Amino acid sequence: MTKRDLALRVGGAAGDGVSSTSESFAKISARSGLHTWTYSSYQSVIRGGHVWTQVRGGLDPLLSHGGDPDVVLCLNQQTMDVHQADVLEGGAIIYDLDSVKLDSGKVRKGVRLLGIPLRKKAQTLSPNALMRNTVALGAAVQLFDMDFRHVESAFKDIWGDKKPEVAEQNVQAARLGAEAVREMGGSLQLGFTYSNEPKYLLTGNEAICLGALAAGVKFLAQYPMTPASSILHWMALHAPKYGVVVKQVEDELAAMNMAVGAGFAGVRAMTATSGGGFCLMVEAIGQAGMTETPLVAILVQRTGPSTGLPTKTEQADLNLALGAGQGEWPRAILAPRNPEECFRLTAQAFNLAEIYQTPVILISDLYLSEGYRTVEKFDFNVPIVRGMMAADGGGTAKDYKRYLLTESGVSPRALPGTKGFQHVAATDEHMESGELISDILAGLPEYVEERRKMHEKRMRKLEGLRKDTPPPELWGPKHADLTIILWGSTWGAAHEAILQVDEKDGVKVNSLEFPTIFPFHVDATQHLLRGVEQSLMVEGNFTGQFSRLLRAETGYKPDHFYGRYDGEPFASRDIADKILEVVA
Amino acid sequence: MKLEFEMNTYKSEIKPTWCPGCGDFAVLRSLQTAIHALQLAPWNIVIVSGIGCSSNLPHFLSTYGFHAIHGRALPVAEGAKLANPDLNVIVTGGDGDGYGIGVGHFIHAMRRNFDITYIVMNNQIYGLTTGQASPTSEKGMKTKSTPIEGVIENPLDPISLAIASGATYVARTFSGDVKMMSELVKGGIEHKGFALIDCLSPCVTYNKVNTYDFFRERVYDLAKEGHNPADMKAAFAKAIEWPAVQQDRIPLGLFYRNPEMPTYEDLEIALRKGAPVKQPLGVDDPDELMSGFL
């Protein structure tokens, strides 16, 4: 069978240029016309340690960063030690002849060992050896027979018009690497024909930014925290052009509270963070629920608890999102599975937040947020629905009640600056007018009733939110031996595993997937569960946070549970093994 | 000349629930007098508060208000101001709210020099939680949370903290002098930049030390002693007078003012297009935007 995908793994110490090398290669892959998917394994360190990135390119759409690579590019000894045994038969290891030693006994049969004096070659062009990774990149591009003009354009993107001589020097360095490969037996002959029709390449976080821009976000307040920081970086650079205020603030308390203030004043406002920062936001997000202020909160999960593994992935903040804030308030929690959904659901989140005047949480994870993926061009013509405004709904200023009791639970909003609709939005319990119940009225018989009605009004929004959020989906054959239940980024590896076991083992598996976590789509889920023979819950945590929600909402307990909490993303190979174990 | 907005226009139908004699009545009156004197449209004012007795203030006026959670009034106000810089944003609250739980936001809001007026009703005690020590409680003061030997921490000095942090209008007033307070609040609202008005506002129920009489015996007017608020060094010298240097004289008035410093809104790139709340939504060049990812 001819190969239809390729994978390059670049490894070294932090500071060796692993990320720039792999990002360039991902670009080259996408510009060669390949569907591309990357995964970076890195650490919470600026220099040293061991970091690696795998870039996979495929003629067909991809579902994961893949398993063993065709080529490993070793920028240090540790990369050789850790990864040499993974290289596929017919593949190659590129390593720096001057600094990396080879123990070929560990390498698979038929793997080519390409020791290249990377440093020395780089130094023929420039006295410092900074470009040794570029020499290695050129060697990889040659091994895969890719068009060298993509190397040129990738470097031009990085150094651009400002430093054309640096770009040119790097192209020369890459040519030295390519030349070395030609002298050492030439390319891998994978049999690829590249269309060279470039594809869009971006991260989940960038897709979230684009979705927010498409929806008309005008305010982002954020405090840096991996793996959400790239949202702040991208927005700070690109969003002011669209009239978006992007503000790095003193802490996550301020981030959420500023988003609340901006949402109250009438713009589409957002904040983004990871679990630790979200912990600091919970009181303020409850404030938005109580004051009925729209906002969108992006929660990008990493490995916890506490500071945990800042550079590793997990899906263990679901309970945090579900339970954030004291008391009860209506919220929606959306969980994108891929960059397309990051874009679409973020845009939708802004509509939901304004229609229902309450916070919407978009929960993602490091694997999805930081990995590069190729996508089809996004359609920026997203619907924009801003919800009920008192001033344009025929309401009169005289009898305006900000928290009017309505059947839907939604009360027409009025923005500061609107003549005659002045009111106070209060975090204390309040009446329809906004006047407090908490201080001198609480407990009086009439106001016991008022409180009950006001709380029910807010909570009624959950019904509308349930209707307007995307329902669960069943993917794969209608009748299957096993149904995988999943949410979020687990999607890709699960689909890949399902296709694998179907092809290799004839086992029919489908998957039940939840782009909306909350409000839980009880009826739709129960309907889909009726056809399930047996089920395997796959999620990135120890306690089965979604399993528990599913059981609480529907009474259904998945038959099997596969949790992962070692910091690594799910691999299709492991899910496939689990499937076979379960159906055996 | 007939004014567009009568004094009563600014009053809401809700009556304050403060204890009789509370210093906060004077602050409410001063704020109402100031916005009336400036003839600000009530719908263009947002008063943001936190939690505490004094933070109920927005309910008693007919402007827009946001009664936020404890200690977070400033970031809420900053968000509102950035979303719509055309609004007059005023923040009201107590010493526990602003100098205790929210002190981090206090410092950062000042160094940004937002065009926001921050009125702190400083009663040197936690009132709504029935009488615990506050960050400005005097050393030695016995409270419910310091019942045996009194407060053993040093009080926080909001005035010198504000000048050091970059506030560009820093004043202290006293609820016993509504006229002076109204003038200083008015000046704060008119000032382009961050204005702190620390109002010594006695708590008649829980603070038996810092009473009206306590202050009347000690306060003096900085303006009458020739203080120049443009002089930052002199401002610092006056700021540390009470209670660090001496206990028996408390300066009131404008310590520091710098009208030249650009505000955050002046410098924020996105605001050059105008108020974000008035801008069109979405992206007009999606192809160009996407091409950045090719």
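1. Is the crossing of α5(B) and α8(B) left-handed or right-handed? In this predicted model, the two helices cross in a left-handed sense.

2. Helix α5 of chain B spans residues 158-165 and helix α8 of chain B spans residues 232-239; their axes come within 8 Å and cross at roughly 155 degrees. Because angles over 145 degrees count as roughly antiparallel, α5(B) is roughly antiparallel to α8(B).

3. The residues that form this contact can be named. Helix α5(B) contributes I159(B), S160(B) and I163(B), while α8(B) contributes M232(B), A235(B), F236(B) and A239(B). Sorted by class, six of the residues in the contact are nonpolar, one is polar and none is charged.

4. The contact between the chains involves 54 residues of chain A and 47 residues of chain B. On the chain B side, at least two residues each come from β2 (64-67), α2 (73-83), α4 (103-112) and α11 (286-291). Helix α2(B) gives the largest share, eight residues. By class, the side of chain B that touches chain A holds 27 nonpolar, 15 polar and five charged residues.

5. The largest nonpolar core has 245 residues, and the members that touch the most others are I94(A), A140(A) and F219(A). Leaving aside residues up to four places away in sequence, F219(A) touches residues of chain A, including V244(A), V245(A) and M270(A). F219(A) also touches G79(B), L82(B), A83(B) and P276(B). A second, separate core consists of seven residues, among them C53(B), I125(B), Y126(B) and Y206(B).

Key. Residues are numbered from 1 along each chain as its sequence is written. Chains are lettered from A and ligands numbered from 1 in the order in which they are written. This is a predicted model: local features need pLDDT of at least 70, side-chain atom pairs count only at pLDDT 80 or more; totals for chains, interfaces and linings use all residues. A nonpolar core is a set of buried Ala, Val, Leu, Ile, Met, Phe, Trp, Tyr and Cys residues joined through C-beta atoms within 7 Å. A residue is buried if 20 or more other C-beta atoms lie within 10 Å of its own, exposed if 12 or fewer, and partly exposed in between; C-beta atoms are placed from the backbone. Two residues are in contact if their C-beta atoms, placed from the backbone, lie within 7 Å. Axes are lines fitted to C-alpha atoms, for helices over the stretch in contact, and angles run from 0 to 180 degrees between N-to-C directions. Helices (H or I, at least four residues) and strands (E, at least two) are DSSP runs, numbered from the N terminus. Angles under 35 degrees count as roughly parallel, over 145 as roughly antiparallel, 65 to 115 as roughly perpendicular and the rest as oblique. A crossing is left-handed if the near helix is turned anticlockwise from the far one by less than a right angle, and right-handed if clockwise. Ala, Val, Leu, Ile, Met, Phe, Trp, Tyr, Cys and Pro count as nonpolar, Asp, Glu, Lys and Arg as charged, and the others, Gly among them, as polar.
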